[in-house]
Amino acid sequence: MRSWSIPIGRLFEVEVRIHPTFLLLFLFVFATDYRAHQSLANGPRDLALVGIILACVAARECAQMLVARRAGMIPKAVILLPLCGVTLFEEKRVEEKRLEEGRLENPRAGKPALGGALGMRDIRLALVGPLTNLVLAFLAAGCALAFIDHPDLWTRPWLQGANLPRSLVWANLYLAALNLLPAYPLDGGRILRAFFLSSLDMPVATRRAVSISNAIAMVFMIAGLFSDTWLTMVGVIVFSAAQLEERAIVFQSVLDNVRLEEIMLTDFATLSPADTLEGALEKAVHSLQDDFPVVRGSDMVGVVSKQRILEALRLEGNGYVQAVMNKIFEVSVRQESLGTAFRKLNSRNSSIIPVVEDERLIGIVTLQNLMHSMTLLAESRKLRRDEAES
């Protein structure tokens, strides 16, 4: 998902990124303005109009993230599109973790309760977005009427760079109205998925909502060819957002359902704390690993990276692995999910997790092989699903 977006900073410790459709939106606005007014088209004002739309989307996403935090969800990143945002969350509620643990033993255990809880939560979050835009629209209209002579709030075209105060009002009204469409991941689509969650699990409910969203997007794109080209733009944005969300849910399904024993490396090199750094580097040269478990006898005592070995050699000269290894590290068991391993890697800012059984090292999971495996598994599941549907 992130490879198709541009980072612009962090807000409330959340990574904020912009989807390339905002660039497409600027080109579309400028072309529309130029076609309507020829020499009167104004690039800077059109850019300001796109900036207003971006600010309105960012405001609604901020409101939803604040409400999500109160519901026990931790937003990690948000990708802003011209109609909505795609937010990646990390769940932290104990009740849901217990239900997940129950599903490990019995895939059907607790699913209706979990689906109902997630559905009600999604409905509450979905309603926050349109309400935020409506409040902003009324505030902008009040300020325009109070401080601007003849703001022309009801004069068409309602979205135009020539009148930015009016555009601020109508951008929020449009966002509130369009997001009520039953097209996922718009707010109306999230409400639709919430109803599906009462009888379906998350991946199936999301795919069904995405299918409906794609159909709506195609209707908008085709209708725009024969009427207002803005409809085509809306269809393109809805389709792009749906593909982002579908990819996110496929990755989340991989994180939740794939176990470490399915992807861990079982043929790996180890180092001894008594190895010299030059000897360790020599071993690293003949291995594809970037990170190594450090083992003394049958006990694992640390982890060390190839980069750390190189840095120590440059700064301090030859020494022993024991002096540079990291003695604080996380371990996992083979039945743990990829999601658990990923959270452990992030919590320690580490790039390797040893997999143990009966206090014996049986495999390793590195950040490199984890990301590679996640990508392959997500693509293979998507291919199998497409084959089954066809």
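**Notebook: salt bridges, core and a nonpolar patch**

I started with R193 and D122, whose side chains meet in a salt bridge at 2.7 Å, N to O. For this I used a side-chain nitrogen of Lys or Arg within 4 Å of a carboxyl oxygen of Asp or Glu. The pair ties together distant parts of the chain: R193 sits in helix α6 and D122 in helix α4, 71 residues apart. Helices (H or I, at least four residues) and strands (E, at least two) are DSSP runs, numbered from the N terminus.

A note on what I am looking at: this is a predicted model, in which local features need pLDDT of at least 70 and side-chain atom pairs count only at pLDDT 80 or more, while totals for chains, interfaces and linings use all residues. Residues are numbered from 1 along each chain as its sequence is written, and side-chain values use heavy atoms, with hydrogens and water left out.

**Entry: burial of the pair**

Are R193 and D122 buried or exposed? I call a residue buried under 20% relative accessible area, exposed over 50%, and partly exposed in between (1.4 Å probe, protein chains only). R193 is buried because its relative accessible area is 5%, and D122 counts as buried at 6%. D122 also forms a salt bridge with R121, with the closest N and O atoms 3.9 Å apart; R121 is buried as well.

**Entry: the other salt bridges**

My count by this rule came to ten salt bridges. One of them joins D187 to R60, with the closest N and O atoms 2.3 Å apart. This pair, too, links distant parts of the chain: D187 is in helix α6 (residues 187-196) and R60 in helix α2, 127 residues apart. I also found E261, R334, E357 and R360 joined into one network by salt bridges that share partners.

**Entry: around R60**

R60 has 0% relative accessibility, so it counts as buried. Leaving out residues up to four places away in sequence, I listed its contacts (heavy atoms within 4.5 Å): R60 touches L83, C84, G129, P130, T132, N133, L175, N179 and D187. The R60 side chain also reaches the backbone oxygen of G129 at 3.4 Å.

**Entry: the nonpolar core**

The core has 38 residues, and F22, L25, L83 and V238 have the most contacts inside it. Elements that each supply at least two of its residues include β2 (14-18), α1 (21-37), β3 (73-80) and α8 (229-257). Helix α2 gives the largest share, eight residues. What does L25 contact, beyond its neighbours within four places in sequence? I found V50, I53, P82, W230 and M233.

**Entry: M325**

M325 lies in the loop between α12 (321-324) and α13 (338-348). At a relative accessible area of 9%, M325 is buried. Beyond residues up to four places away in sequence, M325 touches V294, V301, G302, V303 and V304. From M325 to S305 I noted 8.0 Å, C-alpha to C-alpha, for 20 residues of sequence separation.

**Entry: the surface**

L127, L131, L134 and F138 make a nonpolar surface patch of about 400 Å². Patches are made of residues with over 30% relative accessible area and no salt bridge, with like charges joined within 9 Å and nonpolar side chains (Val, Leu, Ile, Met, Phe, Trp, Tyr) within 5 Å; accessible areas come from the Shrake-Rupley method with a 1.4 Å probe, and for residues only the protein chains shown count as cover. F138 is in helix α4 (residues 111-147), and its 61% relative accessibility makes it exposed.

Key: Core = buried A, V, L, I, M, F, W, Y, C linked by side-chain atoms within 4.5 Å. Polar contact = N/O pair within 3.5 Å; in protein donor to acceptor, adjacent residues only side chain to side chain.
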